[in-house]
Amino acid sequence: MATFKKTAKKTGTRRSSTADPQQQAERLSKGLSESAQQIWLAGVGAFGRAQAEGAKLFEALVKEGLNVEQNARKFAGGRADVVRDAVESSVGQARHRATDTWDRLEKVFEDRVQRALVKLGVPSRDDLADLARRVEILTTELRRQSSTPAARKTAKQATTRKTATKAAVKKVPRKRVRKTTAG
């Protein structure tokens, strides 16, 4: 347990040491409870006054607000269109600046992504488009070259088949000789 040091007051009369701290504690306790009571009563009084005068105060504020609004409308009168145009112009300029800033930010992002892809060895869109064009050119060339000889070849084969079948019909079958192979 904590022990408190007793301090003796240097006065002409000595009081008993046990009565003095108890009296101080009682006075302090009484002072605190009186202060708390006063604070509580002040709060209750403020609440009562706010309830009684709240409606009156609210109505007065509404009237004052209406007066201010009417004065503002009289003052603004014909200036509303001018103000609206100025605001729209400012908003348009801000929108334009924001769009420009966004476009620049997007461009910076795209450039950084492109640099990262190049570092990784990923082909770009232009590289892929170029490659696709080259493949298409090669495919077209291959088809052109392969179709010409193939057409010739198939035409030759068709004519040799026709003549071969005509010759086979006219020929008399011969005996087949069996060939033996040494193995």
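Here is a short chat about the predicted model shown above.

Visitor: What should I know before I start looking?
Guide: This is a predicted model, where local features need pLDDT of at least 70, side-chain atom pairs count only at pLDDT 80 or more, and totals for chains, interfaces and linings use all residues. Side-chain values use heavy atoms, with hydrogens and water left out, and residues are numbered along each chain as its sequence is written, starting from 1.

Visitor: How much of the chain is made up of buried residues?
Guide: A residue is buried under 20% relative accessible area, exposed over 50%, and partly exposed in between (1.4 Å probe, protein chains only). Out of the 183 residues in the chain, the buried share is 1%.

Visitor: How far apart are the closest N and O atoms of Asp111 and Lys107?
Guide: These two form a salt bridge, meaning a side-chain nitrogen of Lys or Arg within 4 Å of a carboxyl oxygen of Asp or Glu. Both sit in helix H2 (residues 79–120), four residues apart, or about one turn of the helix. Asp111 counts as partly exposed at 34% relative accessibility, and Lys107 counts as partly exposed at 47%. Their closest N and O atoms are apart by 3.3 Å.

Visitor: Which residue does Glu141 meet in a salt bridge?
Guide: Glu141 is partly exposed, with 30% relative accessibility. The N to O distance is 2.4 Å, and the partner is Arg144.

Visitor: What is the N to O distance between Arg133 and Asp130?
Guide: Arg133 and Asp130 are three residues apart in helix H3 (residues 125–170), so about one helical turn separates them. Asp130 counts as partly exposed, at 34% relative accessibility. The side chains meet in a salt bridge, N to O, at 3.5 Å.

Visitor: How much accessible area do Trp40, Leu41 and Val44 have together?
Guide: They form a nonpolar patch on the surface; patches are made of residues with over 30% relative accessible area and no salt bridge, like charges being joined within 9 Å and nonpolar side chains (Val, Leu, Ile, Met, Phe, Trp, Tyr) within 5 Å. Val44 belongs to helix H1 (residues 19–76) and is partly exposed at 42% relative accessibility. Accessible areas come from the Shrake-Rupley method with a 1.4 Å probe, and for residues only the protein chains shown count as cover. Together, the three have about 340 Å².

Note on methods
Helices (H or I, at least four residues) and strands (E, at least two) are DSSP runs, numbered from the N terminus.
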